[in-house]
Structure formats: C-alpha cells, structure tokens
Amino acid sequence: MKKLIKIWPRGISLFFVSLFSYTAMSKATGFKNFRDQLEQSPGLQGYGEPLAYGVIALQTVSVILLCYRPLRFWGLWITFGTLAVFAGYIGGILLYSKNPPCTCIGLLEKMTWKDNLVLNIGLMITALTGVMTMKAGRSK
C-alpha cells in the first residue's frame with residue numbers, strides 16, 4: 001500500500017501532463033479556431049480571446065507544476081479546479097441551452113456535451129484521487 005501511495009500520484013500526474021500538453025498545444029496551434037469556438041459558446045460571447053489565452057496558460061502552468069514533485073500537490077489541485085469549472089460550465093450548458101453548438105476540438109470533437117460532462121467528472125475523480133493519495137503519503 002505504501003508503494004502505491006507513492007506511485008499513484010506520479011502516474012496520475014504523468015497522465016495529466018500528457019493530456020494537458022496535448023490540449024494546450026492543440027489549442028495554441030489552432031488558436032484562432034479555438035478562440036472563435038469559445039466566442040460561439042453560450043455565455044462566453046465577447047470573452048473568447050482572454051479565455052483562450054487563460055485556458056492555454058492554466059493548462060501550461062498545470063503541466064509545469066505536475067512535472068516537479070514538490071509542486072505536484074498544487075498541480076493536482078489546479079487540475080481538479082480547472083476540470084470542476086469546466087464540468088460546471090458543461091452542466092450549465094446542458095441545463096439552460098436548447099441547442100448548444102459543438103465547440104470541441106482535438107480528441108473530443110466526436111463527443112456530445114453529455115459525453116464530455118461524464119469524461120470531465122471522471123477526470124475530476126482521477127485528479128482528486130491523486131490529491132488524496134499525495135496527502136496520505138505526506139501524513140505518513
């Protein structure tokens with residue numbers, strides 16, 4: 001069990017480093033498309049550019065924090081928080097928008113909003129598992 005508590009956060013962090021590196025790079029290389037898709041999203045009109053920069057920056061900061069063991073705990077919390085905000089936004093879209101536009105890019109372009117919500121909740125649980133196992137490892 002001790003070994004699992006040490007290995008688990010590292011594996012989860014590596015997973016999120018891979019995921020966020022890919023998505024940040026995808027968003028940065030297709031910045032205009034990403035910004036325009038954000039502009040089309042319900043409730044985000046007029047905020048596309050600052051949100052696009054913010055999302056890319058937040059994912060990049062998360063990747064950096066997750067790569068360094070002393071900062072990994074905070075990287076996992078930021079990852080969890082980012083996913084929670086996005087899941088909340090998706091939940092709001094599903095509750096209040098009759099015909100939400102598809103704004104997914106990269107790996108997620110074939111997913112529905114409901115699929116995306118389920119995926120985000122799963123990723124949130126994964127990040128929280130990393131936080132909890134790191135905390136358990138620190139207390140021992």
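I began with Asp 36, which forms a salt bridge with Lys 32, the closest N and O atoms being 3.1 Å apart; I count as a salt bridge a side-chain nitrogen of Lys or Arg within 4 Å of a carboxyl oxygen of Asp or Glu. The two residues are four apart in helix H2, so about one helical turn separates Asp 36 from Lys 32; helices here are DSSP runs of H or I with at least four residues, numbered from the N terminus.

I noted that this is a predicted model, in which local features need pLDDT of at least 70 and side-chain atom pairs count only at pLDDT 80 or more, while totals for chains, interfaces and linings use all residues. Residues are numbered from 1 along each chain as its sequence is written, and side-chain values use heavy atoms, with hydrogens and water left out.

I then looked up exposure, where buried means under 20% relative accessible area, exposed over 50%, and partly exposed in between (1.4 Å probe, protein chains only). Lys 32 counts as exposed at 55% relative accessibility, whereas Asp 36, at 24%, counts as partly exposed.

Which other residue forms a salt bridge with Asp 36? I found Arg 35, with the closest N and O atoms 3.2 Å apart. Arg 35 also meets the side chain of Glu 49 in a salt bridge, at 3.9 Å from N to O. Because Arg 35 lies in helix H2 and Glu 49 in helix H3, this pair ties together parts that are 14 residues apart in sequence. Glu 49 is partly exposed, with a relative accessible area of 36%. The structure holds three salt bridges, and I recorded that Lys 32, Arg 35, Asp 36 and Glu 49 are linked in a network of them.

I turned next to the helix pair itself. The axes of H2 (residues 31–40) and H3 come within 8 Å and cross at roughly 120°; axes are lines fitted to C-alpha atoms, for helices over the stretch in contact, and angles run from 0 to 180 degrees between N-to-C directions. H2 and H3 are therefore oblique to each other, given that angles under 35 degrees count as roughly parallel, over 145 as roughly antiparallel, 65 to 115 as roughly perpendicular and the rest as oblique.

Last, I looked up Leu 71, which is found in the loop between helix H3 (48–67) and helix H4 (72–96) and is partly exposed, with a relative accessible area of 35%.
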